[in-house]
Amino acid sequence: MLIDDTIVALSSGALPSGVAVIRLSGPLTRFLVEQLCGEVPTPRQMALRSIGARTILDRGLVVFFQAPHSFTGEDCAELQVHGSPAGVRAILRTLTELGARLAEAGEFTQRAFENGKLDLVAVEGLGDLLSAETESQRRQALARFEGGLSDKIERWLDQLLDLRAEIEAQLDFSDEGDVGALPDDFAEKVRALQMELMSSLDNVERGRVVREGLRVALAGPPNAGKSSLLNALANSDIAIVTQEAGTTRDVREVAIDIDGQLVVLLDLAGLRSSDSLAETEGVRRAHAEILRADLVLWLVAPDCPPEAIPETDAPILRLATKSDLVVHDRREEDISVSVISSIGLVELRERLSKFAQTLVGVGEPVLVSRERDRLALRQGCEALTGTLDSLNSPELAAESLRICSQALERLVGKIDSERVLDRLFSSFCIGK
Ligand SMILES: Nc1nc2c(ncn2[C@@H]2O[C@H](COP(=O)(O)OP(=O)(O)OP(=O)(O)O)[C@@H](O)[C@H]2O)c(=O)[nH]1
Ligand SMILES: [K+]
Ligand SMILES: [Mg+2]
């Protein structure tokens with residue numbers, strides 16, 4: 001991708017809209033603003049201008065950001081115009097005729113990365129922020145985007161550099177073949193750093209639940225009322241409900257927001273052995289989801305034969321369904337629910353909310369949430385174990401510190417960033 005050309009895109013949402021924001025970035029920006037809006041406004045100050053080259057196309061607000069003080073680090077401008085499809089199209093056409101090129105998905109952010117305005121974890125934070133649906137996702141993504149994780153990693157990288165410098169000094173000042181063991185306080189510092197990496201590693205799972213949602217499997221025998229409960233919790237008619245046992249075969253995911261936390265409900269096939277190939281496959285998939293879930297809701301109905309609860313490490317919450325039909329002889333910890341009379345639905349939501357809170361924790365948002373985070377932190381921790389195991393051979397210790405640094409550098413995108421970036425930017429929208 002060329003970095004010396006100037007890109008343009010509609011950066012706001014679908015048209016028509018009240019206001020549309022057109023964004024420019026690249027060396028031609030100043031020229032293009034001049035051509036389209038007359039004199040370039042003082043940087044970072046909005047000015048009301050007529051917009052158009054040969055004819056006036058619209059009137060709107062223009063703001064210019066001079067390099068390097070912009071989102072991308074290049075000269076940038078934003079035009080706030082009326083959100084008319086024809087108007088925006090005409091402005092974009094004029095700008096491309098004057099030499100700009102329509103941006104590809106994520107290209108503004110890519111330039112910000114290439115110009116050192118954002119590192120890789122901040123770019124990921126931005127991507128998460130744009131797609132955040134719940135309050136906890138928004139807080140977590142913003143913290144990452146704002147550099148919380150980047151700062152932490154920079155600090156770790158500095159510490160690793162200091163530790164390596166200590167070893168270098170030791171190697172320099174010792175006669176050849178006379179390199180002793182590294183001092184006790186050196187090992188202490190490595191251990192302290194490793195503890196920090198480990199506690200971050202422990203947080204990845206919590207971050208994952210916030211980012212991807214708490215996976216809650218609705219499981220039980222056929223006709224237990226799983227799809228009905230899904231519909232009731234999601235407040236929609238999304239899953240097919242019939243009195244026929246074996247109605248659901250595919251896994252259906254529905255994401256709902258419970259007290260600001262994303263919860264992914266999974267409606268599954270009822271567990272039983274069947275002659276139908278499709279149903280058997282549905283049951284196989286249901287078992288796989290029950291293994292992967294963060295929580296299993298096990299539904300038991302008064303009008304269908306009980307089934308044994310399958311093996312899983314996930315915690316299980318038992319629900320006695322269709323409680324409008326009979327008074328359940330229920331255990332203390334079970335919840336009686338009915339989608340007909342709405343019994344127990346509020347209590348169930350509260351239990352799900354509490355469960356999510358316990359898992360995710362309260363307080364500061366977690367900064368780590370991705371498999372990439374997990375991998376880098378784990379590699380870092382393992383490398384530091386290597387350092388601690390080789391305190392008697394400083395050269396080996398230095399090498400394992402270097403491996404730890406590398407893992408962290410890869411995480412922020414200082415090395416090997418291409419593959420991650422390609423995938424990431426393709427998930428961004430145009431104009432970002
Ligand atoms: N009275 C009463 N009937 C219910 C309730 N929930 C579900 N039903 C009925 O039970 C039958 C089965 O409901 P489903 O939601 O399809 O059950 P399921 O567990 O998804 O069934 P499969 O997908 O076939 O495994 C339907 O006839 C529903 O109308 C309830 O709370 N009260
Ligand atoms: K059914
Ligand atoms: Mg069903």
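Predicted model: local features only at pLDDT ≥ 70, side-chain atom pairs only at ≥ 80, totals over all residues.

Colour its 6 strands and you can read off the order β3-β4-β5-β2-β1-β6, in an open sheet with mixed pairing. The edges belong to β3 (47-51) and β6 (101-102); each has a single partner strand, so one side of each is left without a neighbour in the sheet.

Now zoom in on β1, residues 7-10, which runs parallel to β6 and is joined to it by 2 bridges. Pick Val8 and look across: Leu102 in β6 stands opposite.

Next, select residues 85-97. That's helix α2, lying across β1, β2, β3, β4, β5 and β6, and running at about 150 degrees to β5.

Then jump to Ser227 and Thr248, where UniProt, in an unreviewed entry, places the feature "binding site".

Take Ser227 by itself: you'll find it in helix α8, residues 226-234. Beyond its neighbours within four places in sequence, Ser227 has contacts that include Ile240, Val241 and Thr248.

Last stop, Thr248, in the loop between α8 and β8 (252-258). Is Thr248 buried or exposed? It's buried, because 22 other C-beta atoms lie within 10 Å. Show its contacts beyond four places in sequence, and among them you'll see Lys226, Ser227, Asp267 and Gly282.

Notes: Residues numbered from 1 in each chain as written. Chains lettered and ligands numbered in written order. Pairing = 2+ DSSP bridges. Helix = DSSP H or I, 4+ residues; strand = E, 2+ residues; numbered from the N terminus. Contact = placed C-beta atoms within 7 Å. Axes fitted to C-alpha atoms, helices over the stretch in contact; angles between N-to-C directions. UniProt positions renumbered as here; feature names shortened; annotations may be inferred. Buried ≥ 20, exposed ≤ 12 C-beta atoms within 10 Å, placed from the backbone.
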